[in-house]
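This briefing concerns the protein chain shown below.

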Amino acid sequence: MKTTVIAVAAAAALTTLATAQGAAAAPSGPVGPVVTCGTPGAPGPLLTQACVEVTGNQVRFYGVATPADPSWQPRLLGFTVSGTVVGSAPLAPVHPGLIVQAGSNQVGSVFSSAPCGATVSTTFSVAQPGWPTSTATVSTVVAC
């Protein structure tokens, strides 16, 4: 009887220790970058999508350009990427040129830091004369 009680108590102690160790090892927030992309902009020869990548309180604003035509031929296009941290001054936009290949192409980067809980947003558009406007936006909250 005494041996059974000791064995049950030892098993309970080991279970409590394992649970405490597992809880201590669990991460308290997001691990690595969290990417949020919005819906594509207006349909046309090129689909634009705005994205925000958050790692801790560091933010990267960028766009993704994807040709809509399967017979797309690589060509140099101009873009605009801008970002804002709500409640702060707008960040200076960038106007990268990129030879857009078939498939998804990451375009430009605007970097900033933002306090935990802040809302950040970005706008991405193709800035090519003679092309239809295709602007995409997305907003997310910085969850540190």
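How many bridges join β4 to β5? Four bridges join these two strands, which run antiparallel. Strands pair here if DSSP finds at least two bridges between them, and both strands (E, at least two residues) and helices (H or I, at least four residues) are DSSP runs numbered from the N terminus. The model is predicted: local features need pLDDT of at least 70, side-chain atom pairs count only at pLDDT 80 or more, and totals for chains, interfaces and linings use all residues. Residues are numbered from 1 along each chain as its sequence is written, and side-chain values use heavy atoms, with hydrogens and water left out.

**Sheet**

- Four strands form an open sheet in the order β5-β4-β7-β8, and their pairing is antiparallel.
- The edges are held by β5 (97-100) and β8 (135-141); each has a single partner strand, so one side of each is left without a neighbour in the sheet.
- From one strand to the next, the twist averages 30°, where axes are lines fitted to C-alpha atoms (for helices over the stretch in contact) and angles run from 0 to 180 degrees between N-to-C directions.
- Strands of a sheet pair through backbone hydrogen bonds, in either a parallel or an antiparallel manner.
- Strand β4 (residues 75-85) is joined to strand β7 (residues 119-126) by seven bridges, and the two run antiparallel.
- Within β7, S125 is the bridge partner of T80, and T123 stands opposite S82.
- Towards β5, G78 has G97 as its bridge partner.

**Disulfides**

- A disulfide is a covalent bond between the sulfur atoms of two cysteines.
- With a disulfide taken as a pair of cysteine sulfur atoms within 2.5 Å, the count comes to two.
- Counting bonded cysteines along the chain, the pattern is 1-2, 3-4.
- C37 lies in strand β1 (residues 34-37) and C51 in strand β2 (residues 46-55), so the pair ties together parts that are 14 residues apart in sequence.
- Relative accessible area is classed as buried under 20%, exposed over 50% and partly exposed in between (1.4 Å probe, protein chains only); C37, at 35%, is therefore partly exposed, whereas C51, at 0%, is buried.
- The other disulfide joins C116 to C144, again with an S to S distance of 2.1 Å.
- Its torsion about the S-S bond is about -110°, so the C116 and C144 disulfide is left-handed.
- This pair links distant parts of the chain, 28 residues apart: C116 is in the loop between β6 (105-113) and β7, and C144 is in the segment after β8.
- C116 is exposed at 53% relative accessible area, while C144 is partly exposed at 44%.

**Salt bridge**

- Side chains of opposite charge can pair when their charged atoms come close.
- One salt bridge is counted, under the rule that a side-chain nitrogen of Lys or Arg lies within 4 Å of a carboxyl oxygen of Asp or Glu.
- The partners are E53 and R60, whose closest N and O atoms are 3.5 Å apart.
- E53 is partly exposed, with a relative accessible area of 22%, and R60 is buried, with 14%.

**Nonpolar core and contacts**

- The largest nonpolar core has 23 residues, of which L46, V59, F79 and V120 touch the most other members; such a core is a set of buried Ala, Val, Leu, Ile, Met, Phe, Trp, Tyr and Cys residues joined through side-chain atoms within 4.5 Å.
- Two or more residues of this core come from each of β2, β3 (58-67), β4, β6, β7 and β8.
- Contact means heavy atoms within 4.5 Å; leaving aside residues up to four places away in sequence, V59 touches V52, E53, V54, V110, F111, S112, A114, V120 and V142.
- T140 is found in strand β8 and is buried, at 18% relative accessibility.
- With residues up to four places away in sequence again not counted, T140 touches T36, V52, V54, A118, T119 and V120.
- The C-alpha atoms of T140 and C37 are separated by 9.1 Å, although these residues are 103 apart along the chain.
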